[in-house]
Amino acid sequence: MDTQKPINNKRKRGGARKPLPQTPSPQPHNDVVAPDHDCASVDAPPMGKVMPSMDAVVKVFCTHTEPNYSLPWQRKRQYSSSSSGFVIGGKRVLTNAHSVQHFTQIKLKKRGSDTKYLATVLAIGTECDIALLTVSNEEFWEGVSPLEFGGLPVLQDAVTVVGYPIGGDTISVTSGVVSRIEILSYVHGATELLGLQIDAAINSGNSGGPAFSDSGKCVGIAFQSLKHDDAENIGYVIPTPVILHFIQDYEENGMYTGFPILGVEWQKMENPDLRMSMGMGPEQKGVRIKRIEPTAPESHLLKPSDVILSFDGVDIANDGTVPFRDGERIGFSYLVSQKYAGDKALVKILRNSETLEFDIKLATHTRLIPAHIKGKPPSYYIVAGFVFSAVSVPYLRSEYGKDYDFDAPVKLLDKYLHGMAQSVDEQVVVLSQVLVADINIGYEEIVNTQIEGLTEICSAEMQSSIFN
């Protein structure tokens, strides 16, 4: 089974450093290595190639304390990890969100330095797997030039990935080419955004490291790799459009607000009989709406069986793609992800053979079972020994293991995969366990039983509190 994994290097506090279980030991390779400034002599770079600024790449040390979702009033034993990051303008550092999730302490070390500097988190974009850090100690910024961002590369463009992966303590450089540009599944954020596939070796610890073009500019952030018996050296990079969206979102709002979605479930219209039944003309193309998120702002404008013909003036094909660049097409969700939460977009639809246009306000996704809780403590409520917990993907993973999507109860999986929240504050709640007491004799064996309704007081006070 194909698996894509985030790639920071974890180790238990005080123990020997180990790679993640899913990550194989790095194998020798013949990738071109960029010259190290500490070497006595180096070969000149190829003509037309600008060597990237290695001094802007830093090593990130993070101590994590993860919540215990099965016992939500506790936390798990802390552990440490190392990953990569790089300096950008405004005295800020970019790295991956999964590299600093549930952080207790973050420290940064510059190349060639023996000092670790305490860092502060400015923003964490869980969906796009990007985190923004800063350091208050002015000494950290001395002699460091921020990296500049380049444009979106094209296929077969050379890329150089720089970071601090496992296998050593010094900086590492691997080279490859861009092999694919498309909408990718972001494992950590459980969302789909634009991404680059490259064939440069990316190993545990490379997370957050920059990918450079031949011009020496940063064209992305290394963040995950494909682990499969039949695949080698398949890595994924967050491209600059996603990075700049995250940065601008933070600069305009003072916080990360997220990537908006259209809030509809749609199907392709490639079948000619289906198009005819929808009243589409031979020149019309689009996708049919199957369901609409009740919490989406457009839920009162769009209807099931509407055909979306265009988004912001860009025609949508019957397979759901739009023109991207010369000779390329991409899923139309790319157009939506270029917007910001609260922006408006012009959507043209076909309804009962009539063409209509709506100005729709875009919002972020409200999941019935959230894929993450964005650093907040788990929500729970205890009364008479009964422990009520809000269901999230981390909770399912805690209760049923990494294969929760196979081992969890079917009813919960159905809500996770197909359920839609009817309101922004709706939660799926289970009676997770019973703490044995005289008052609950006879109920001791109830485990992970879904609750269909709670009293008003229970719903209102379910904010990470314990009541005796």
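Predicted model: local features only at pLDDT ≥ 70, side-chain atom pairs only at ≥ 80, totals over all residues.
Colleague: Where is H102 found, and why does H102 count as buried?

Modeller: H102 is in the loop between β5 (92-95) and β6 (103-110). Strands are DSSP E runs of at least two residues and helices are H or I runs of at least four, numbered from the N terminus. Buried means under 20% relative accessible area, exposed over 50%, and partly exposed in between (1.4 Å probe, protein chains only). H102 has 16%, so H102 is buried.

Colleague: What stands out about the phi of H102?

Modeller: Phi of H102 is near 55°, a positive value in a residue other than glycine. Most residues other than glycine have a negative phi. A384 also has a phi near 55°, and A384 lies in the loop between β24 and β25 (386-390). At 33% relative accessible area, A384 falls in the in-between range and is therefore partly exposed.

Colleague: Why is the pair of W73 and Y380 called tilted?

Modeller: The structure holds 11 aromatic pairs. W73 and Y380 form one of them, with 6.0 Å centre to centre and 55° between the planes. Rings of Phe, Tyr and Trp (its six-membered ring) pair if their centres lie within 6.5 Å; planes under 30 degrees apart are stacked, over 60 edge-to-face, and the rest tilted. The angle of 55° falls in the rest, so the pair is tilted.

Colleague: What parts does that pair tie together?

Modeller: W73 lies in the loop between β3 (57-64) and β4 (79-88) and Y380 in strand β24 (residues 380-383), so the pair ties together parts 307 residues apart in sequence. W73 is partly exposed at 31%, while Y380 is buried at 6%.

Another tilted pair is F246 and Y256, at 5.6 Å centre to centre and 40° between the planes. F246 sits in helix α1 (residues 240-253) and Y256 in the loop between α1 and β16 (264-267), 10 residues apart. F246 and Y256 are both buried.

Colleague: How do you know that K116 lies over the face of F61?

Modeller: A charge sits over a ring if NZ of Lys or CZ of Arg is within 6 Å of the ring centre and within 35 degrees of the ring normal. K116 lies over the face of F61 at 4.0 Å from the ring centre. K110 lies over the face of F140, at 5.8 Å. F140 also belongs to an aromatic cluster with Y117 and W141.

Colleague: What makes β22 and β23 a pair of strands?

Modeller: Two strands pair if DSSP finds at least two bridges between them. β22 (residues 344-351) and β23 (residues 354-361) have eight, in the antiparallel sense, so they pair. L346 has D359 in β23 as its bridge partner. The two strands form a hairpin with two residues between them, and N352 in the turn has a positive phi of about 55°. β22 also pairs antiparallel with β18 (residues 307-311), over four bridges, with I308 opposite I349.

Colleague: Which residues touch the most other members of the largest nonpolar core, and what makes a core?

Modeller: L94 and L108 do, among 86 residues. A nonpolar core is a set of buried Ala, Val, Leu, Ile, Met, Phe, Trp, Tyr and Cys residues joined through side-chain atoms within 4.5 Å. Beyond four places in sequence, the contacts of L94 include F86, I130, F149, I221 and F246. Apart from that core lies another, of 16 residues, among them V393, A408, A421 and V428.

Note on methods
Residues numbered from 1 in each chain as written. Heavy atoms only, no water. Contact = heavy atoms within 4.5 Å.
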